[in-house]
Amino acid sequence: MSCLHLRNLRLPGQSGLHELLIEDGYFVSQFSGRQPISQRDLAGQLVLPGLIETHIHLDKACIMSRCCLQHGTLAEAVEQTRQAKAGFTEEDVYRRGARVLEQAIVQGTTHMRTHVEIDPQIGLTGLRAVQRLQADYAWAISLEICVFPQEGMLNNPGTEALLCQALESGADLLGGCPYTDSDPQGQIQRLFELAVRYDCDLDFHLDFDLNPEGMTLGSVIEQTRLHSWQGRVAVGHATKLSALPRSALDAMANELAEAGVAVTCLPSTDLFLTGREHFHNKPRGLAPLAALHALGVTCSLSTNNIDNPFTPYGDASLIRQANLFANVSQLATEQELLDCLGWVSTTSAQLLRLPDYGLTPGCRADFVVFDAPSAAAVVAQLSAPLMGFKAGQQTFERSSARLLRVAPSETVQRLA
């Protein structure tokens, strides 16, 4: 692998033009002199670390055409997906997952955690397909697989054994979905016991409505402390947090920070599914990341679903999710926009516990190039990435739009 010398680029939060040196897939402070050096002039474009998708479902993406929505509720989404899942094959999951992965790559995503449903109906079909995707797209994206029981675990005999088989077959971590189980607290406790047995991280779907009653987040915090799993647990959705008064939210945030439990907000899904019972004064219903972040909670923004009953939209753009969250949450200062960008990049790297993420020597050379005046403007202006690199190798490029001007005389002729 040759060395790459990038010149005349801008870095976030720094003035002037800079250079980056890449050797054997990593940023270095100077070349070893062992390999040939290629040069690239970025002409003042902005370089950011690769974007990170912390919560997505590749196995059930792109199935909206197979479903029939009438109410747009969470219960309907679960049922419609269950019916569609009966027809899933390994090749089908692979094709749909590949479509989303390729979208994500050209949107600047270099790391992704995907959840994969495991239950007696689907077995390990989704896992096998996603493991093939993991291998086939490693040249452009690092894919982490989280297996979880969407249909419940304690109330769904055979599911736990399949989850263990999945972990033994190469899945990276374990997820949970307590609200679909007959015993939510029991599921949480059992998943922690399994995580300790297999020494793996945990990522839960929970507290997915706007009623502050019945939160299970406290059980996750308690189990995290009990098993000393600090820094290894994340929760997604957690929209109940948006219904808490400030004092209760601050108390919960302090507990989350102390226990090392991260929170992922999924704006497109959470806005689509929650608050449907309200006609006027419709609540926003998003986990309040700004307030959590201010008190030390590790936060991230993510896509969750694309083109299915949980989220009938999406192009796998994390910048779009950051912009949507900023807009709905009324975040607009430079620092607030930088926080939103961090929730799809630097703090997401903390959530995934990536040891070599960034733009400094020793970090893996996974980065994205933008034509934007600043890092905050990337979020504010929904900037599309121009090119991306994985381990120093370019993975995609996008041409800038070009106006095709028409002379005034030609315009008159065309209108005549």
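The model is a predicted one, in which local features need pLDDT of at least 70 and side-chain atom pairs count only at pLDDT 80 or more, while totals for chains, interfaces and linings use all residues. Residues are numbered from 1 along each chain as its sequence is written, and side-chain values use heavy atoms, with hydrogens and water left out.

The side chain of His5 makes polar contacts with the side chains of Glu19 (2.7 Å) and Gln39 (2.9 Å). A polar contact here is a pair of N or O atoms within 3.5 Å; within protein, one must be able to donate a hydrogen and the other to accept it, and residues adjacent in sequence count only if both atoms are side-chain atoms. Setting aside neighbours within four places in sequence, His5 also has Leu20, Leu21, Phe31, Ile37, Ser38 and Arg40 among its contacts (heavy atoms within 4.5 Å).

As for the strands, His5 sits in β1, strands being DSSP runs of E with at least two residues, numbered from the N terminus. Strand β1 (residues 3-9) runs parallel to β4, and five bridges join them; Leu4, for one, has Ser38 of β4 as its bridge partner. Four strands make up an open sheet of mixed pairing, ordered β3-β2-β1-β4, where pairing takes at least two DSSP bridges between two strands.
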